Amino acid sequence: QAILTLPTHFKKLSGYSAPVVDIQTRLYEGESILLPQRQPDVPACILYTSGTTGVPKGVMIRERSIARLVVNSNMLKPLSSDVFALNATVSFDAHLFEFWGAMLNGCTAVVTSSHQLLQFDLLTALYRRHRVTIGFFTTSLGHSLIASCPEALLTLRHIIFGGEGMNSGLAKKLLDSLPECAILTNGYGPTETTTFTSFCNVTKEDCRRKSIPIGIPLRSDIHLILNEERKLVPDGTPGVLYVGGPGVSGGYLNGGLATSSRFISLPHLHDPSNGSAIYFDTGDVVRRLVDGRLEYIGRSDSQIKLRGFRIEPLEIARLLESYTGITQAHVCVKELSRSSVLVAYISGSPNASQKEIRSFLEKSLPSYMIPTFFVKLRSFPLTSNGKLDSHRLPDPEVETYLDEEGKPLNEIEK
């Protein structure tokens, strides 16, 4: 509805139909700036996400969706004395939570540079100097911090992880080192539902589970767990999560078919008093636990088919992370020597050989789910948003193909 800019860009934008405001000159001259009255359903910003398809789509985030995220939220209860860390880039949906969480609650915000975010000694010094109390971290980055520099998090009273599954062992390690009053939250939500749609304040009891729950809905959000026929499933039964309510975005910019295929009208399941009947199909498989919280199981489209068998890589990775010394794991298929093979990437300090780790997996998994290769990394490569950058994972090296005695382990290795 209006474009705010600086003098250097004013002429370049003069051809747009929306009013262009030279904010620097107007303020310098003491003029007031009158902007059009805001409407809660108009887009506040457009964030591009590729999701699992790899094709960038512009998600139109509504103003009301941002407000419901940080104002009177059951997930976030900031104090005026709180200091938010602005860790995320402006193109990442977590920035909405950080920036508007601070601005709409009268708090202070401290900008973290990408250099500081990946240099943990600098990050620790920054947080201590400004007494940062609230911070969001992608789970991959958070795991790295807990494993190598947990002191960076000790000034925070509320720590939020999100973007990927949380490791139970590392969550326990962090909780053990934090003051009892501190809160560790596992946040969940696609960009299309405006950063977060559910959250779990993690307890030590939760850390005994194989996976940390993704919790309960944000206030006013609606969660439906449906089967392939889009019918409700009983509690405890896996199904795809559909999200409704004010957190749902306005669809994809010029999305057409992409919007209509993921933003679904479900009038037969919807209470008209809750507003729009449009729900976002997350594609995530979850189940509702006895206590009402949701447990994330995996992607409905993440299963891979290898040598005729359907495999869920996340199940293997979670089992690996339960092994003593392994702090993070990722399992994927690689094409090597014209053959598709399962590769496990691990970080941490496991006091075991590959043969012993393989034997550990064989106690719980069928043979076709046992990775052919194990690659140990000092740390996982991350994108600029702090998520795992799977494209930069190295191919197994020659010595990774063999066991300790140098013998091939199966027919593919031969």
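N72 is exposed, with a relative accessible area of 66%. In this predicted model, N72 lies in the loop that runs between α3 (63-70) and β5 (83-86), and its backbone has a positive phi of about 50 degrees although N72 is not a glycine.

N254 counts as exposed because its relative accessibility is 75%, where the cut-off for exposed is over 50%.

G386 is found in the segment after β21 (373-377). With a relative accessible area of 6%, G386 is buried, since the term buried applies under 20%. Which residues does G386 touch, when those up to four places away in sequence are not counted? The contacts of G386 are with T138, S140 and L141. For L141, the separation along the chain from G386 is 245 residues, while the C-alpha atoms of G386 and L141 are 5.8 Å apart.

| Residue | Relative accessible area | Class |
|---|---|---|
| N72 | 66% | exposed |
| N254 | 75% | exposed |
| G386 | 6% | buried |

Terms used:
Residues are numbered from 1 along each chain as its sequence is written. This is a predicted model: local features need pLDDT of at least 70, side-chain atom pairs count only at pLDDT 80 or more; totals for chains, interfaces and linings use all residues. Side-chain values use heavy atoms; hydrogens and water are left out. Helices (H or I, at least four residues) and strands (E, at least two) are DSSP runs, numbered from the N terminus. Buried means under 20% relative accessible area, exposed over 50%, partly exposed in between (1.4 Å probe, protein chains only). Contact means heavy atoms within 4.5 Å.
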